[in-house]
Amino acid sequence: MNDFNANEGYVVPFHNYFPDLAEAECRVATVLNRMDLPDDEYGLIESYCEDPACDCRRVMLNVVSRKQSKILATVSFGFDPNDSMCGPFLDPLNRQSKHAPALLKLVESVLEDGAYVARLERHYSLVKNAAKKARQRKA
């Protein structure tokens, strides 16, 4: 009988594996004087699939309001532009706030930064490698 890890196949926050790096490299967008969003700082909290056998090549970005201290939108983004589900798009499996469509636009503008997307891909690889090593230690 195989051991079953209930967390396999689910996304986990990047900071679960690399808390210092997650804090140092967290992207924050400051919004002022926009009609579609309240003035606030919005952190993009990264989560990745930790199943080493999965090659989904995507990130879930939870958009967190500093003032409200809660997730207002969850955006899925794939690194393969030829994938039909590349996105970014509002993840249909997660609750979205009334500001989610405007936050999606904000995330889309942040994802225009190629260096940031490269950082997300590097973080994806770090999580996959760490999860693989953790699985090997358990075996």
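I count a disulfide as a pair of cysteine sulfur atoms within 2.5 Å. I note that the model is a predicted one.

Cysteines. I searched the whole structure and found zero disulfides. I looked at C49, which is in no disulfide; the nearest cysteine sulfur belongs to C54 and is 3.9 Å away. C49 is buried, with a relative accessible area of 7%. I then turned to C86. Its closest cysteine sulfur is in C56, at 12 Å, so the pair is too far apart for a bond. C86 also counts as buried, because its relative accessibility is 11% and the cut-off for buried is under 20%.

Fold. I listed four helices and six strands in the chain. Read along the sequence, they follow the pattern β-α-α-β-β-β-β-β-α-α. The radius of gyration is 16 Å, close to the 14 Å that the globule rule gives for 139 residues, so the chain is as compact as a globular protein of that length. I read the span of the C-alpha trace along its principal axes as about 55 × 30 × 30 Å.

Contacts and surface. Of the contacts between residues at least 6 apart in sequence, 52% join residues at least 24 apart. I find 37% of the 139 residues buried. The accessible surface comes to about 8600 Å², with 52% of it belonging to carbon and sulfur atoms.

Charges. I placed the mean positions of the 18 positive and 20 negative charges 3 Å apart.

A loop residue. I found R95 in the loop between β6 (89–90) and α3 (100–110). R95 counts as exposed, at 78% relative accessibility. Its C-alpha atom is 25 Å from that of E112, which lies 17 residues away along the chain.

Terms used
Residues numbered from 1 in each chain as written. Predicted model: local features only at pLDDT ≥ 70, side-chain atom pairs only at ≥ 80, totals over all residues. Heavy atoms only, no water. Buried < 20%, exposed > 50% of the residue type's maximum accessible area, 1.4 Å probe, protein only. Helix = DSSP H or I, 4+ residues; strand = E, 2+ residues; numbered from the N terminus. Rg over C-alpha atoms; globule rule 2.2 N^0.38 Å. Contact = heavy atoms within 4.5 Å. Areas by Shrake-Rupley, 256 points an atom, 1.4 Å probe, with all protein chains shown as cover. Lys, Arg positive; Asp, Glu negative; His and termini not counted. Charge placed at Lys NZ, Arg CZ, Asp CG, Glu CD.
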